[in-house]
Amino acid sequence: MKKTKGTKATRARKQPVPPNVRTGLVPRALERAIMDNLYYVQGRVPRTATRNDWYMAVAYTVRDRVLHRWMQTIETYMGSKDKSVSYLSAEFLIGPQLGSNLISLGIYDEVRQAVARLGQNLDELLDQEEEPGLGNGGLGRLAACFVESLATLEILGVGYGIRYEFGIFDQEIRDGWQVEVTDKWLRLGNPWEVPRPEITFVINFGGHTEHFVDHEGRYRVYWIPSRSVRGVACDIAVPGYRVNTVNLLRLWKAEATESFDLGAFNVGDYYGAVDSKVSSENITKVLYPNDEPIQGKRLRLEQQYFFVSCSLQDMIRVHLRRGHDLKDFHEAYAIQLNDTHPSIAVAEMMRLLVDEYSMDWDAAWNITQNTFAYTNHTLLPEALEKWPLPLFAELLPRHLEIILEINRRFLDEVRANGAADDGRIARLSLIDESGERFVRMANLASVGSHAINGVAALHTELLKQDVMRDFYEVYPKKFLNVTNGVTPRRWLVLSNPLLAELITRKIGDLWIRNMERHIKKIERYADDEDFQNDWRRIKHENKVRLASVIDQRTGVEVDPDSLFDIQVKRIHEYKRQHLNVLHVVTLYNRIKKNPQSHVVPRTVIFAGKAAPSYHTAKLVIKLINSVADVINNDADVAGRLKVVFLPDFNVKNAHAIYPAADLSEQISTAGKEASGTGNMKFAMNGALTIGTLDGANIEIREAVGEENFFLFGLTAEEVKRVKSEGYYPMQYAESNDELREVISLLAGGFFSRGDPNLFKPLVDSLLWQDEYLLFADYRSYIECQERVDKAYRDQEKWTKMSILNVARMGTFSSDRSIREYAEKIWDVKKVKITV
């Protein structure tokens, strides 16, 4: 039968529709988009393009697809009455964005194919990306996990923070010492950032206030500042995993209100012409400036107020633009204060509502309290921020007046309820009057919030019993626990793709979106021989990868067949990296005494940064490197013990570290760590934990089973008792031969080229104070490490323990944490975004 030809229109409809170069997700569309961005954004042709040009072209291609969803999220939000979350944090350690965005969009393999067709290697392009210098440690990484989980759970939210130009610092090791180097993470540009120069707010500092009664007979206060800076918004889109929701990370950059004084320039004052620009931009130059000098304290307080004021003004702007009434602000926003850094928000919200929008005090206070919630992240009293009152008065005179008024009303309420004596009143007060007067920021956050949460079960109980006992007894209903969590998308799917693929082959991929419900299904394979063999093979490949990184970065060759014993975290005495060193030296001494002994070969790996002004922590880094230098060059222990300090610990390095660990060191003094999240990342990647009953270790041990956790050391209650009864560390050193020998080597200069003075401050501190009870826990720690050796010899048993650790870690996903915040504190629901 003869076929008839269709019309031109019919034939056109039958033609395949070419994929959209901006939004298409197939390799052909992605390839075309990459070339377009290489040509038209980077201004390069392939033969002249550098690796960074190719990276930028790929990043812009992926960003287009994220923005497509982001625009729809904004459209939905602006046209709705849905409540959203604002997460205020001084840091967001977001890590490299390309890999995580590929996973969220579900186009990892498609982009790999597209770049391969263009002659490029995706792994090399991923490695090209700079680590964003927007955070330092667990606090910032938690904030990043939370913003990603908010989007994955389809809860509308914004993370508000600071766009640091130079981050904290890059860490180099020279002659064993930490050296801080400027982190120029923005030098090649940031393709993920969308500058918003039209979204700016003026932020005032200093000056004085004037009080008056307005024409309506209302008492008013007018703040006349002495200087102002401008805050400019810079946005980064944060997509959820395999959903259309894309949330926002809005970071504030400081600029001068007038960046160039032409008059000064014309009279030859060239430095004066740009003085305002330099002083204003200093506010967002560096994360956590050294606050030992008063100038550093002033800069930190300026930073905190700057980003908080910008953020609150931005929320009010959006709220009014959505057509809502300001009296309903608390019904549209849930604001979470991530530790005390943003707690000045309580006073700033009151200033904005009362001074700028003429709201009466009681109505403004009702909105403020019902909007804010406060997360406490520390049990260390010195970490609860306090600002010298004269500095506060000089920098924020109006806010001090507001804080004093909040304090007066709060203490009057406490007295009226008959719940306090003079001692309690003094402890509850927002002003520390015990000596030099200070403004207590944790107290301000507690009074101004409707909820106060700890970040692990023990931490929350210790807050109630000790650090914030007075507040708990006055406001018991405010307190609750939300244990921290980490996102499995970055910390398993992205950083450990081989293990993620093995798990998915066995149980499907639903665990990636809902780890709490589905990851437990792999427990049925814990005794399966083939599964165990695959598990061990993957662990070994990850160890080979880390060994290569260590060799490249330090020149130290390590054996992937050895037990990888890893402690990576901020260097601090309470985290007890030096207790780990005591064990290393004990092992060294044992091998030297008995060279023929059969020991489990072990590679002990450290990483972490010390605060620039924290001299003891920097000395601990020097100690680790000095011990490593001796041990790694001693033929008697070759093949049996190696020590490595891997410099510049950050998210990129962590991608190689967590998947390679056999043993996770979580050895802080019980009662000192709020939660920890490194412990979760290690266990989620199959490392077994050696640790104390501290922070989230307790809940991890309960989840994975005590038989799959190496426990040692005093409990928090025992620590308290030992100290109250009188703790004499010298007695522990004298009564334990191995400990005495270790201290003798450290004190005698064995690890310091004969210099007995180098580590004397550290040794003397341990012998005479030992604030964090290393000596009290030493024997228990050494015996526990012996149990680790015994278990590791039985690889079948060890592998089963590793599998069970991963299978039982579902509750430590940040998705579970966010669900709890949403239900217990924020009262927000998910909002479906349709593209």
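1. A cavity is taken here as a set of points, on a 1 Å grid over the protein atoms alone, where a 1.4 Å probe fits but cannot get out, and its lining residues have an atom within 4 Å of a point. Grid points are joined across faces, edges and corners, and a volume is the space filled by probe spheres set on the points. By this rule the count is seven cavities of 30 Å³ or more.

2. The model is predicted, with local features needing pLDDT of at least 70 and side-chain atom pairs counting only at pLDDT 80 or more, while totals for chains, interfaces and linings use all residues. Residues are numbered from 1 along each chain as its sequence is written, and side-chain values use heavy atoms, with hydrogens and water left out.

3. The largest cavity has a volume of about 220 Å³, and of its 18 lining residues the closest to the centre are Gln 97, Ser 100, Glu 148, Val 238 and Arg 490. Two or more lining residues come from each of helix H4 (98–105), helix H7 (138–152), strand S8 (227–239) and helix H21 (488–494), where helices (H or I, at least four residues) and strands (E, at least two) are DSSP runs numbered from the N terminus. The lining divides into nine nonpolar, five polar and four charged residues, with Ala, Val, Leu, Ile, Met, Phe, Trp, Tyr, Cys and Pro counted as nonpolar, Asp, Glu, Lys and Arg as charged, and the others, Gly among them, as polar.

4. The second largest cavity, of about 140 Å³, is lined by 16 residues, and Tyr 55, Glu 129, Glu 130, Gly 189 and Asn 190 lie nearest its centre. Helix H3 (residues 51–78) gives the most to this lining, with three residues.

5. An open sheet of six strands runs in the order S19-S18-S17-S20-S21-S22 with parallel pairing, two strands being paired if DSSP finds at least two bridges between them. Strand S19 (641–645) and strand S22 (710–711) are the edge strands, each pairing on one side only. Two bridges join strand S21 (residues 688–691) to S22, and Gly 691 has Leu 711 as its bridge partner in S22. Helix H36 packs on this sheet, touching strand S20 (663–666), S21 and S22, where contact means heavy atoms within 4.5 Å.

6. The axes of helix H25 (residues 529–554) and helix H36 (residues 795–807) come within 10 Å and cross at roughly 85 degrees, axes being lines fitted to C-alpha atoms, for helices over the stretch in contact, and angles running from 0 to 180 degrees between N-to-C directions. H25 is therefore roughly perpendicular to H36, a term that covers 65 to 115 degrees.

Technical notes:
1 Å grid on protein atoms, 1.4 Å probe; cavity = no way out; pocket = protein on both sides within 12 Å on 5 of 7 lines; lining within 4 Å. Parallel < 35°, antiparallel > 145°, perpendicular 65-115°, else oblique.
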